[in-house]
Amino acid sequence: MSDRIQTRKLGHLVLMVRDIHKSVQFYTEVMGLTVSDWISDQMVFLRAGSDHHDLALSQLPAGSDFEDLPRYNRPGLEHFSYLVDDVAEMERAVKILQARGIEIVRGIGKHGPGENLFLVFKDPDGNNVELYCEMTQITPEQPYESKVWERNIDSFDQYRFARFVVPPPAAVVAAKSGKPAPSNADEQEPA
């Protein structure tokens, strides 16, 4: 058994955007992508192929400081992802990351839109890297009807943090569970 994660392909990106509707118009009308799902009017999942999404856009909060790096209230990349074969490989990845002292940010969880399992961790520059598997596939033989999810715990993690290998960030718990937000203003909610 290798001490490296067995990635299969670069999967999807999540971008933080200033105007989600303007961005959706660009990515659908100019780039030819198709909307798979929305979470409220705050996040949208788009596809070019059969994966439920290969690009997701997340609306920046009002009053965001566009120069405020590396927090989640600036335009740009929130995370990028790599496909792994299955949950067993994802669980093996947890052990590899922990053995190497790599910070795990969130997961293992299961998103609502796309139904994919996820695990997010930091690379040496502080970028969020996600491993995912079991994403919904959309083909002519397996059509899909787009829907709008409520922005809550079920759209973020259908396991409700039960399989997280690290405590979920307080801002995520507050935002997704309807609990009071943390007092730490530097901690932001990820997409």
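**View 1. Phe-26 sits in helix α1, which covers residues 20-30.** Helices here are DSSP runs of H or I with at least four residues, strands are runs of E with at least two, and both are numbered from the N terminus. This is a predicted model, where local features need pLDDT of at least 70, side-chain atom pairs count only at pLDDT 80 or more, and totals for chains, interfaces and linings use all residues. Residues are numbered from 1 along each chain as its sequence is written, and side-chain values use heavy atoms, with hydrogens and water left out. Phe-26 is partly exposed, at a relative accessible area of 37% (buried is under 20%, exposed over 50%, partly exposed in between, with a 1.4 Å probe and protein chains only).

**View 2. Phe-26 teams up with Val-30 and Met-31 in a nonpolar surface patch of about 300 Å².** Patch residues have over 30% relative accessible area and no salt bridge, with nonpolar side chains (Val, Leu, Ile, Met, Phe, Trp, Tyr) joined within 5 Å and like charges within 9 Å. A salt bridge puts a side-chain nitrogen of Lys or Arg within 4 Å of a carboxyl oxygen of Asp or Glu. Areas come from the Shrake-Rupley method with a 1.4 Å probe, and for residues only the protein chains shown count as cover.

**View 3. The largest nonpolar core holds 15 residues, and Met-90, Ile-104, Ile-108, Leu-119, Phe-121 and Leu-131 touch the most other members.** Two or more residues each come from α2 (87-99), β6 (104-110), β7 (117-122) and β8 (128-133). Helix α2 gives the most, with four. A core is a set of buried Ala, Val, Leu, Ile, Met, Phe, Trp, Tyr and Cys residues joined through side-chain atoms within 4.5 Å.

**View 4. Zooming in on Leu-119, its partners include Met-90, Ala-93, Val-94 and Leu-97.** Ile-104, Arg-106, Gly-107 and Ile-108 are also among the residues that Leu-119 touches, as are Val-129, Glu-130, Leu-131 and Val-165. Residues up to four places away in sequence are not counted, and a contact means heavy atoms within 4.5 Å. Elsewhere, a second, separate core of ten residues includes Leu-15, Ile-20, Val-24 and Leu-33.

**View 5. Confidence in the protein chain is highest in strand β3 (residues 43-47), at a mean of 97, and lowest in helix α4 (residues 170-177), at 74.** The score is pLDDT, the predictor's confidence in each residue, from 0 to 100. Over residues 181-189 pLDDT stays under 50, and the model has 18 contacts for them beyond four places in sequence.
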